[in-house]
Amino acid sequence: MDPLIAEIKTLIIESLNLEEITPDDIDADAPLFVDGLGLDSIDALELGVALQKKYGLSFAADSEETRRHFASVSALAAFVGSHRTK
Amino acid sequence: MDALQFGLESWAAWAPDLTSAQAWQDWAAQGAPARAPEGAEPGVAGMPPMLRRRAQRLGRMALEVLYQSEADSAANIVFASRFGEIQQSTALLRELARSHAVSPQAFSMSVHNAVAGLYTIARKEPARVMALAAGTQTAQAGLFEAAMQVTDGAPRVRLVFCDEPLPALYSPFAEPETPAFAIMLTLVPGDDYALSWQLEEAASDANALDVLRFVLTEAPQLSLTKSGWVMTRRA
């Protein structure tokens, strides 16, 4: 597995207190929100803060582009890989 | 003046060191304060994990007592806590001072009515929720609110009390240490108990643990506040 994908899965589990989920339970290509993992809008904000702190990223609060980056773990990993500042 | 009257349908309570009804009965009979070991929290097995993950220890204790009754949309909830999620709020303030970026999830759950709201979402109960805090008179305020709702026609009111020890940061404002607890009293119309005022001062304000001990023992009357509000057993 891509180490960045594994790292982001762990970040999601820890920052969102997904107490009964392991990294293997998360399909990197499945939707993170509503369907798939079933996260909600508070989770989106929480994840945004966590990514900002860990990778020095910044997001436009509610743009189509941000939605695409948050579509799945794979999409997030691609974005983090190309935009991280730390 | 006429007294506010109510019946008591049931009670439930949870603390890290008192996890069964029998343990609470023994605690009340002994008249000894419950000492709460740090860290332990209830499982809240009835709640879906995706919602349960939002709640910290105080919230989980409150949820644990709420889940001890059947879902009941007709039963209002009065959530009475002196300090609410004080551990969470303190951690948020520290983080705000340090990094200016706080956890949205932790913030959303530090709001005083958040745990009761989370409960109604999880059980799909469109029940009326009132959240209050009234310093050392929180127990009295909760009882009055719930009793007034019953008097006003509510068929059943779930009165939830919960608090936990203050973070060390607050030690300069030293207050008697409160062990962690959550209590639910289910009030219904009736005349088992009455709330009234009398011209007689008490030594201190009663907290929710004093109220539960009164309910579980045989004493005829409990002083709720220094200023003269009392709870009387009638039945």
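Visitor: How many residues does the contact take from chain A and from chain B?

Guide: In this predicted model, the contact takes 16 residues from chain A and 16 from chain B. Together the two chains bury about 1200 Å², with 46% of that on carbon and sulfur atoms. On the chain A side, Glu19(A), Ile42(A) and Glu46(A) lose the most area to chain B, together 37% of what that side buries.

Visitor: Why is the pair Asp43(A) and Arg54(B) called a salt bridge?

Guide: Good one to check by hand! The closest N and O atoms of Asp43(A) and Arg54(B) are 2.9 Å apart. The cut-off for an Arg side-chain nitrogen and an Asp carboxyl oxygen is 4 Å, so this pair counts as a salt bridge. The count between chain A and chain B is 7 salt bridges.

Visitor: What does the UniProt annotation say about residues 2-84 of chain A?

Guide: The unreviewed UniProt entry carries the annotation "domain: Carrier" for residues 2-84 of chain A. In the model, that stretch of chain A is 54% helix and 0% strand, and its end C-alpha atoms lie 16 Å apart.

Terms used
Residues are numbered from 1 along each chain as its sequence is written. Chains are lettered from A and ligands numbered from 1 in the order in which they are written. This is a predicted model: local features need pLDDT of at least 70, side-chain atom pairs count only at pLDDT 80 or more; totals for chains, interfaces and linings use all residues. Side-chain values use heavy atoms; hydrogens and water are left out. Contact means heavy atoms within 4.5 Å. Buried area is the accessible area (1.4 Å probe) that two parts lose on being put together, summed over both. UniProt positions are given in the numbering used here, feature names are shortened, and annotations may be inferred rather than shown by experiment. Helices (H or I, at least four residues) and strands (E, at least two) are DSSP runs, numbered from the N terminus.
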